[in-house]
Amino acid sequence: MENSSPSTSRKRRRAGEPSPEPESDLNDDQLLSLEEDFNFSDTLVALRMMRAHFPRIDKVSVQPFILWSQLYSSVKDRTQVDRELESLRREGVLRTFKLSTGQDDHAIMFLDDYLSQIERVSKRLESQKQEGLSVFEWFKEHVIHSKLDPSIGHEELCSLLSLGGKVKEEHISLLINAGLLTRQLIDPNMYWFAIPNIGSILKGLSQGREELMSFLNRRKYKEMPMAALEKKCLRLSPLDMRFHLRDLLGSGHLKTVEGPTGLVVKIVKD
């Protein structure tokens, strides 16, 4: 995983807010355990910490992202999370993406990281002598900064891209093939904005969820101390246990209770 420092972009940051911190300078032994580093009072602080903890993934070039559900596990006021995320989105600090792993699954990525992801895709295609790469600059300059919603219609997309040059269907196909757009199944004239190179990670996300739930279901009381569970490794997911625990706790599939020696993770009964 490449937690490169977000580059300077045209977005407007909150007054007095520093740039989002990139990769933590702490090594794995120095990082706080999940139990020690579980709750936050501020959504932006939680986002920065989770970005720093995004697992290193071999052979996949993707910038750190956070699941919306993970924020619910750490900032207890869900209304506050939704309100602050909406504010950060409109200020151009971050973007949200609808994921294919579930109806309520959304990813969050700092805008600088997303622009870096687009740049990597563009350079890779450039090395392959791909034509029409100017559309990536049009996409960054005229679409990303103008359209903050997670989806966009075909007509509006073409209109915004045309601010950079003459738009052809080949340009739209290039953006789709690069993983920056996906057609909506219910309306092919609508697109979801997407994160390139995320496909294998989303497969691991789904499989990791099932593996963790299955593991706990096989235990006698369907529970395990968080400190011990966090040290377990998942076979089917490139994402670490911390990532999956935050996700399933935030989505309500798991819960924590106080035990004699700390927090205990339990399956939520239907």
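1. The second largest pocket of this predicted model holds about 240 Å³ of space. A pocket here is an open set of points, on a 1 Å grid over the protein atoms alone, with protein on both sides within 12 Å along at least five of seven lines. Its lining residues are those with an atom within 4 Å of a point. The volume is the space filled by probe spheres set on the points, which are joined across faces, edges and corners. Of the 15 residues that line the second largest pocket, Ser69, Asp104, Asp105, Asp247 and Ser251 are the closest to its centre.

2. Which helices each supply at least two residues of the lining of this second largest pocket? They are helix 2 (68–74), helix 8 (199–217) and helix 10 (241–250). Helices are DSSP runs of H or I with at least four residues, strands are runs of E with at least two, and both are numbered from the N terminus. By class, the lining of the second largest pocket divides into 5 nonpolar, 5 polar and 5 charged residues. Ala, Val, Leu, Ile, Met, Phe, Trp, Tyr, Cys and Pro count as nonpolar, Asp, Glu, Lys and Arg as charged, and the others, Gly among them, as polar.

3. On the basis of the model: residues are numbered from 1 along each chain as its sequence is written.

4. A cavity is a set of grid points where a 1.4 Å probe fits but cannot get out. The largest cavity contains about 100 Å³ of space. Its lining consists of Met49, Met50, His53, Phe54, Pro55, Phe65, Ile66, Gln70, Asp240, Arg242, Phe243 and Arg246. Helix 1 (43–52) and helix 10 are the elements that give two or more residues to this lining. Helix 10 provides the largest share, 3 residues. The classes in the lining of the largest cavity are 7 nonpolar, 2 polar and 3 charged.

5. The structure has 13 salt bridges, each defined as a side-chain nitrogen of Lys or Arg within 4 Å of a carboxyl oxygen of Asp or Glu. One of them joins arginine 89 and aspartate 149 at 3.3 Å, N to O. This pair links distant parts of the chain, 60 residues apart: arginine 89 is in helix 3 (residues 78–90), and aspartate 149 is in the loop between helix 5 (134–144) and strand 4 (151–153). Arginine 89 counts as buried because its relative accessibility is 8%, whereas aspartate 149, at 29%, counts as partly exposed. The cut-offs for relative accessible area are under 20% for buried and over 50% for exposed, with partly exposed in between (1.4 Å probe, protein chains only). A network of salt bridges links Glu86, Arg89, Arg90, Lys147, Asp149 and Glu156.

6. Which residue forms a salt bridge with glutamate 119? The partner is lysine 140, and the closest N and O atoms are 2.7 Å apart. Glutamate 119 is in helix 4 (residues 111–127) and lysine 140 in helix 5, so the pair ties together parts 21 residues apart in sequence. Lysine 140 also forms a salt bridge with glutamate 137, with the closest N and O atoms 3.2 Å apart. Glutamate 137 and lysine 140 are separated by about one helical turn because they are 3 residues apart in helix 5. Lysine 140 is buried, with a relative accessible area of 11%. Glutamate 119 is partly exposed at 28%, and glutamate 137 is partly exposed at 37%.

7. An open sheet of 3 strands runs in the order 7-9-8 with antiparallel pairing. Strand 7 (223–225) and strand 8 (254–259) are the edge strands, each pairing on one side only. The twist averages 30 degrees from one strand to the next; axes are lines fitted to C-alpha atoms, and angles run from 0 to 180 degrees between N-to-C directions. Two strands pair if DSSP finds at least two bridges between them. Strand 8 and strand 9 (residues 262–267) run antiparallel and are joined by 6 bridges. Glycine 259 stands opposite glycine 262 in strand 9.

Technical notes
Predicted model: local features only at pLDDT ≥ 70, side-chain atom pairs only at ≥ 80, totals over all residues. Heavy atoms only, no water.
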